[in-house]
Amino acid sequence: QANVINLKTFLSAVRLAHQGSDTGVLPLSPLVPAKNSDVEKPKTKMIITSRRDYPLTKSFPFSLEHLQTSYCKLARIDTRVLCLKKLRKLDLSHNHIKQLPATLGDLVCLQELDLHDNHLEAFSGALCSSGLQKSLQFLDLSQNQIQALPIEFCRLRGLVQLRLDDNALLRLPCRIGQLSRLRFLSAARNKLPFLPCDFRRLSLENLDLFGNPFEQPNPLVPNIQLKIPLTLLECAARAAVNHRIPYGHHLLPSHLCKDLEVAKTCRCGSACLSSFIQITVTMNLHHVAHTVVLVDNMGGTEAPILCYFCSLDCYSQFLDRHLQSN
């Protein structure tokens, strides 16, 4: 915003000074503070809601903290966006994005990510293991084509609000209870037959599971996967989890570590890996959420949830109590 003549005079004085000219002959003018109107402030917010307004030749300002590029028919995330390290809110809703680059996790300040109404079929585990673990608080994946979320999804421990409506989800992450900060969860109109056992650990303010084809729970029809006697692998896995023995990829093969991370928990508190009895029982969703959107048009607030037993003895004790209560 500088005056062109003054700027040329100043550059001329710099050149003469560099050549060793006496300061007395330099064409210097008195310094005048710049007016506020002459100073361009760093741009922190940009909203683009049409294809024709999308910048194809200009770069995005590196100072951006909030960027919205909706209704732009984007098939992928612009690599220029991935260089905006100050971004706190990124809205890419109403586009045609099919895949998310792993480098999206390099936006370490990102708190809100809106991917509503795209063509996503997955949310990669690499993103869940990136810097988003600590920063991401709001995630909207509604109106996509996602059938399942990765095991690593529950590493996004900073999540407060999660929207998964109108996808093709067949299950929720088995360790969803690890999202201890989650307060708003919406997964309406998916294909969920039941909820994972870990769902009991959530503490929500608002929950919406309307429009899922939940199965009718039947504790008297168990899915028995018991291996008697227990394999050495099962015994070792149970001991590692029950006694909280440290393990990691530097000690065990990676596939064993993944198995241990998704170990089931029996009603007695013991762990089980691949030897278990599985049933579904009814849970009133008000046990995990203050406000519950009705599960169906009949006014129900109950849903089936998985339940595991490490042995026939534990299942028999549960069955006795269940039959007595009914």
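Visitor: What makes β2 and strand β3 (residues 89-91) a pair, and in which sense do they run?

Guide: Two strands pair if DSSP finds at least two bridges between them. β2 and β3 have 3 bridges, in the parallel sense, so they pair by that rule. Strands here are DSSP runs of E, at least two residues long, and helices are runs of H or I of at least four, numbered from the N terminus.

Visitor: Before we go on, what sort of model is this, and how are residues counted?

Guide: It's a predicted model, where local features need pLDDT of at least 70, side-chain atom pairs count only at pLDDT 80 or more, and totals for chains, interfaces and linings use all residues. Residues are numbered from 1 along each chain as its sequence is written, and side-chain values use heavy atoms, with hydrogens and water left out.

Visitor: Why are β1 (45-48) and β13 (289-293) called edges?

Guide: The open sheet has 9 strands in the order β1-β2-β3-β4-β5-β6-β7-β8-β13, with parallel pairing. β1 and β13 each have a single partner strand, so one side of each lacks a neighbour in the sheet. For β13, strand β8 (residues 204-208) is joined to it by 4 bridges, running parallel, and Leu207 stands opposite Val292.

Visitor: Why is Gln278 called buried?

Guide: Buried means under 20% relative accessible area (exposed is over 50%, partly exposed in between; 1.4 Å probe, protein chains only). Gln278 comes in at 18%, so it counts as buried.

Visitor: How do you know that the buried residues of helix α4 (residues 232-242) line one face?

Guide: Those residues are Glu234, Ala237, Arg238 and Ala240. Seen down the axis, they fall within an arc of 160°, so they line one face of α4. The arc is that of the directions from the helix axis to the C-beta atoms.
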